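Please look over the sequence and the coordinates shown here before reading on. The paragraphs after them go through the two chains in turn.

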Amino acid sequence: MVRYFDLTHVMISVLFLTALSLGKTPDSWLGSLDLSIPFILLFFWALFEEDIGLPYVPFVLGFAQDALTGTPFGLWPAVFMIFYILCLGQVTVLRTVGTGTLWLSFILLSGVTYLGIMGLVAVMDDVDVSLSGMIWMVLTSWAAFPILAIPLRHYLSEEELGRF
Amino acid sequence: MARSSQFGGGQRTVISAAGVAGICAGIALILLLILPGDAPAVRNVQRAVAVIFTPIIELASLPGRAIDGASDYFAGRAALQAENATLKQENEKLRLATQFISQQKFENEQLRSLLEMELASELAFQGAEVLADLSSPFSKTVLVGAGVKDGVEMGQAVLASEGFYGRIIAVGSQSSRVLLASDLNSHIPVVVGNTHIRAILTGASDDDPILHYVMQDAEIAVGDVVYTSGDGGQIPSGLLVGYVSAAEADNLRVSLAQRNNAADFVRILRKSVPLAPERDVGSVADEDGPSSDGRGVSGDQSGP
């Protein structure tokens, strides 16, 4: 039975929105988190919470991110979705591995996505990107991963076990 | 791989999560590649989405603000005492500065009355709270809580407590987006030092933007003050932008007086400087050749 709407969806949507908003807190150290946490959340959802209702959340919020920050319409939804698909492709391999391997996999997959963003921007005329800002974003997301990995993995694994 | 899903508990497999994500990615990429970013329709859609999501983001940022508030609370008594001492010192300096400004203003008014000179325009401000920092590697912008209803218009200059902050690039009914001076797409016409060397200040995505289009023999030194020039007619002249931090021939940089992520409240200049007359009505211009409005180089203040 497919789940279109349940408590986990609501929780994940709120979590994703809160994560996006954390980086938008003005005059705060939280502002440096930028989009790091949403990438980590996407990674875990793809691996442990596969459900057709879920891709819509980052898709819609990606458009909100574009509208609010002034980036070209469609950039962040495309980035979120490509990263999500890349992660989905690794489900069978990564679902049973340890946190260290998950971290390395996240570094690899997000690294590929960030390189993809740079490539996408390079072919677009009206978009500039700060290389230092991008490197900072990559490093913060890699550094923040272990902090979020343990609670997320625990919660989502429990959810999976309870469902089947 | 992703589990297949079924509608309504039936047996027919419809689509997997990867399929949904693939369709979504395709839609996003098509929109990204075919939609012109500056089309009015796109701007209207962006504005509508921003209007919907601004209060949601504001609400969702409450946990972040709470965490921030909690870290401030636990910052400790010693840190608060030190901050209090600094604030007292600054307050004393400001009192002295206010007295000096009052004297200067009085003297200025006296001199103006002697010359029978009217002020070209009186600057009016609209205060606003910074609602969200929207900066990313792609742009340096903030969302402020004042919009069309408060008289905010596109292109207006925005000041923070330390100096020039940016300018309005999108206006909603109750909020507006400010392009910071540090953004890669920010080009502000400025004057440098006492000799008023003209240049264009271009953002470099950090707190040290670059001075471009400077005359080759211009003498610029580290520490020179940088103000807005008013060229182009959108941003008034004389607003403090920053100080020259590097003065090599191939590397002219300005340290912004107002650092990027350090403003809680801003002031939006509601009235811009008077523009050139729409058309010449006198005969003087015809007799003297091409009309001049007395401005220097026309600065490029256009955004992305």
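Predicted model: local features only at pLDDT ≥ 70, side-chain atom pairs only at ≥ 80, totals over all residues.

Strands here are DSSP runs of E with at least two residues, helices are runs of H or I with at least four, and both are numbered from the N terminus; two strands pair if DSSP finds at least two bridges between them. On those terms, strand 8 (residues 187–192) of chain B is joined by six bridges to strand 9 (residues 197–202) of chain B, and the two run antiparallel. They form a hairpin with four residues between them, where Gly193(B) in the turn has a positive phi of about 70 degrees. Strand 9 of chain B and strand 10 (residues 210–212) of chain B are antiparallel and share three bridges.

Chain B also contains a closed barrel of six strands, running 3-4-7-6-5-14 with antiparallel pairing, and its twist averages 45 degrees from one strand to the next. One of its pairings joins strand 5 (residues 157–160) of chain B to strand 14 (residues 265–269) of chain B over two bridges in the antiparallel sense, with Val158(B) standing opposite Ile268(B).

Chain A, by contrast, has seven helices and zero strands. Of its 164 residues, 48% count as buried, a class that requires 20 or more other C-beta atoms, placed from the backbone, within 10 Å of the residue's own. Helix 4 (residues 75–88) of chain A packs against helix 6 (residues 99–123) of chain A at an angle of about 145 degrees, with the axes 10 Å apart; the axes are lines fitted to C-alpha atoms over the stretch in contact, and angles run from 0 to 180 degrees between N-to-C directions. Residues making this contact include Ile82(A) and Phe83(A) of helix 4 of chain A and Leu109(A) and Ile117(A) of helix 6 of chain A, where contact means C-beta atoms, placed from the backbone, within 7 Å.

Terms used
Residues numbered from 1 in each chain as written. Chains lettered and ligands numbered in written order. Contact = placed C-beta atoms within 7 Å. Buried ≥ 20, exposed ≤ 12 C-beta atoms within 10 Å, placed from the backbone.
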